[in-house]
Structures are given as structure tokens and as C-alpha cells.
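We will go from the whole chain to single residues.

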Amino acid sequence: MGLLLSRLKQLELGSGSNFDNFANMETNENFEKTSIKFPDLEEIPTELSLKILKYLNATDLCLAACVWSSLANDDTLWQGLCRSTWGYLTVYEKRLEAKKNFRRIFMLLDEATLTFNVDWKKGLDYLFEKELLENNPMEIAKFINSTQKLSSEQKKKLFNENKQVLENVIILHNFENQFLPTALRKLFIKVEAHSERTPNLSFLVEKFSKQFCSCNPQLGLNEDTVYIICFSLIILSVDLSNPAIKNKMSKREFIKNTRNALPDLNPDFTGHLYDNVYLNGSIATFQRRKNENLLAIQ
């Protein structure tokens with residue numbers, strides 16, 4: 001054992017014999033011969049090269065262009081990046097001019113997104129100016145609905161000033177065969193909920209109720225009933241998720257309160273509504289005020 005430790009120490013200090021050094025050199029040469037090197041993409045079929053490059057993000061694809069310019073600048077690669085990041089733009093539907101390749105469009109969209117996230121008006125103006133998006137409410141709604149890159153705060157400001165865009169965003173949602181709390185939760189992922197009952201929140205819930213009934217006529221619910229249920233669910237969400245409220249609303253209390261507003265509503269259905277919120281979490285995440293309750297809805 002002592003000889004083994006001594007030998008290990010010699011190797012650690014680099015005092016091995018010539019035979020050992022020769023063996024190490026031979027091992028390194030064998031490793032270099034057997035190691036797998038990344039192939040030159042210009043030496044393999046173009047289809048395979050593009051298949052490899054499509055897994056790169058925009059930054060890496062720009063770096064790859066320094067080595068394989070013609071491959072990494074292929075329009076189909078940049079078109080895929082554009083559509084995967086911004087799912088809808090008016091320019092996608094038009095025939096592109098030679099100067100408007102998809103790499104250039106990606107750079108313009110990236111700049112437009114950064115601008116939007118600081119000031120939504122300037123961001124949209126940039127898109128209109130560069131002829132990437134038509135200036136009408138439905139086109140704007142389709143664009144907003146197709147990307148996760150936009151600031152929720154700036155989108156809220158846009159919706160506050162342009163109700164037509166907000167209405168079109170709701171219309172673009174398909175709530176068919178979805179349980180009401182699930183559908184409302186899905187909407188609030190795209191459209192951030194307001195932190196108090198304002199005309200904007202009422203407008204949002206009103207348009208949602210109309211779209212939900214349109215998608216689910218078989219339920220036999222009218223728009224007014226869905227509207228009331230939505231606010232009941234929002235109140236319940238706040239009650240269950242707000243740590244400042246110690247005495248949480250029970251299932252029995254929720255059914256009783258909802259029945260007061262909707263006497264004909266099936267109590268079993270109301271109970272399922274409560275269970276969904278209790279088990280699956282809040283309908284929407286509300287921003288808390290500093291010195292006030294999370295939400296005040298009378």
C-alpha cells in the first residue's frame with residue numbers, strides 16, 4: 001500500500017518514467033483519432049444542414065452565419081424563428097419584396113417588441129411604419145394574441161385606451177367545451193385582470209360572457225348569468241388567495257351567496273365552480289395595493 005501511495009504521488013508531481021510519458025502520449029493520439037468532430041455543414045447535404053441549424057436561436061444563428069453565411073442566412077430558418085416568436089403579422093400574408101427577407105423582419109420585430117414594452121403606442125407605430133402590421137383592431141388583436149413577448153403592463157394600457165382591440169382579443173379565443181372557471185382563467189392569462197372593479201373589468205367580463213355563451217350554447221346559460229358567475233368566481237378567488245382574509249369563504253357560503261343572485265342556478269353546478277377554484281387555484285393574479293385590501297368588489 002505504501003508503494004502504491006508513493007507511485008500516485010510521483011504521478012501527481014509529474015515525475016513519471018519515460019515509459020509512462022510515452023503511454024500517455026499514445027493515449028492522447030488515440031483520443032484525437034477517435035474523438036468526434038463537428039462536421040463542416042457545407043460538406044453535408046443542405047437539407048440536413050438546415051435541419052441542424054433550425055434548432056438555434058437568433059443569436060446563435062447570427063454567430064453561425066460568420067462560418068456558414070449562405071446556410072445560416074437561409075430565409076426558411078428566419079421565417080421559422082419569426083413565426084415561432086410572433087405567430088401572426090400582416091406581413092406574413094403578403095408577398096415579400098426582395099429587400100424584406102425574414103432575417104431583416106426578425107430584427108425589425110425584435111426592435112418593435114423592445115419599443116412596445118416601453119411604450120405600446122410607439123411600438124405599434126413602429127410596426128405600422130415598417131409595414132409589418134396593418135393599423136386596424138383585428139390585426140392588432142391577432143398580433144397580441146400570438147406572442148408571449150409583450151409586456152402585460154403595456155398591453156393593459158393598450159386595452160384601457162382601445163376597447164375594440166380588447167374585444168377582438170376575446171373574440172379570438174375559443175372557449176368551446178371548457179368549464180367556466182377554466183375558460184376565465186385562460187382569458188386572464190392573455191389579458192391581465194384589473195385590481196379593482198372598474199368599467200374596464202366590467203367590459204372585459206361582459207365581452208367574455210358573450211363569447212363564452214356563443215361557444216357553448218348547449219349549456220343553456222345566458223350572458224347575464226355568466227356575467228354574475230364570473231364576478232362570484234373573482235370574489236371567491238380573492239377570498240381564498242388573500243392571506244389578509246382569515247375566515248375563508250366556505251363552499252356552503254359560496255353556494256348560498258350565488259343563489260341569492262341566481263336563484264335558478266343548480267347548486268351542484270355552483271359547488272363544482274367552488275371546487276375548481278379551491279383545487280386549481282385563483283382565477284387571476286391580482287396585484288396587491290400597498291395599504292389596501294387586494295380587491296374591493298361590492
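**The whole chain.** Start with everything selected. Buried residues account for 40% of the 298 residues in the chain. Switch to cartoon: the chain has 16 helices and 0 strands. Now think about contacts. Take those between residues at least 6 apart in sequence; 61% of them join residues at least 24 apart.

**Colour by confidence.** This is a predicted model, with an average pLDDT of 83 for the chain. A score of at least 70 is reached by 78% of the residues.

Next, select residues 1–13. Here pLDDT stays under 50, and the model has 6 contacts beyond four places in sequence for this stretch. Go to residues 287–298. Their pLDDT also stays under 50, and the model gives them 26 contacts beyond four places in sequence.

**A helix pair.** Select residues 75–85, helix 6, together with residues 102–116, helix 7. The two pack at an angle of about 30°, and their axes are 8 Å apart. Angles under 35 degrees count as roughly parallel, and helix 6 and helix 7 are therefore roughly parallel to each other. Is their crossing left-handed or right-handed? The crossing of helix 6 and helix 7 is left-handed.

Show side chains at the contact. Helix 6 contributes D75, W78, Q79, L81, C82 and T85. Helix 7 contributes F102, R103, I105, F106, M107 and L109. Sorted by type, the residues of this contact comprise 8 nonpolar, 2 polar and 2 charged.

**V191.** Select V191. You are in the loop between helix 12 (180–190) and helix 13 (199–215). Is V191 buried or exposed? Its relative accessibility is 4%, so V191 counts as buried, the cut-off being under 20%. What does V191 contact, leaving aside neighbours within four places in sequence? Show F159, L166, V169 and L204: V191 is in contact with these. V191 and E153 are 38 residues apart along the chain, and their C-alpha atoms are separated by 9.8 Å.

**L240.** Select residues 223–241, helix 14, and pick out L240 within it. At 22% relative accessibility, L240 counts as partly exposed. Show K248, M249, Y274, V277 and Y278. L240 touches these, not counting residues up to four places away in sequence. L240 and S250 are 10 residues apart in sequence, and the C-alpha to C-alpha distance is 9.3 Å.

**Two positive phi values.** Finish with the backbone. Select E131, in the loop between helix 8 and helix 9 (137–145). Its phi is near 60°, a positive value in a residue other than glycine. With a relative accessible area of 48%, E131 is partly exposed.

Move on to N177, in the loop between helix 11 (163–171) and helix 12. Phi of N177 is near 60°, again positive in a residue other than glycine. Is N177 buried or exposed? N177 has 62% relative accessibility and so counts as exposed, the cut-off being over 50%.

Note on methods:
Residues are numbered from 1 along each chain as its sequence is written. This is a predicted model: local features need pLDDT of at least 70, side-chain atom pairs count only at pLDDT 80 or more; totals for chains, interfaces and linings use all residues. Side-chain values use heavy atoms; hydrogens and water are left out. Axes are lines fitted to C-alpha atoms, for helices over the stretch in contact, and angles run from 0 to 180 degrees between N-to-C directions. Helices (H or I, at least four residues) and strands (E, at least two) are DSSP runs, numbered from the N terminus. Angles under 35 degrees count as roughly parallel, over 145 as roughly antiparallel, 65 to 115 as roughly perpendicular and the rest as oblique. A crossing is left-handed if the near helix is turned anticlockwise from the far one by less than a right angle, and right-handed if clockwise. Contact means heavy atoms within 4.5 Å. Ala, Val, Leu, Ile, Met, Phe, Trp, Tyr, Cys and Pro count as nonpolar, Asp, Glu, Lys and Arg as charged, and the others, Gly among them, as polar. pLDDT is the predictor's confidence in each residue, from 0 to 100. Buried means under 20% relative accessible area, exposed over 50%, partly exposed in between (1.4 Å probe, protein chains only).
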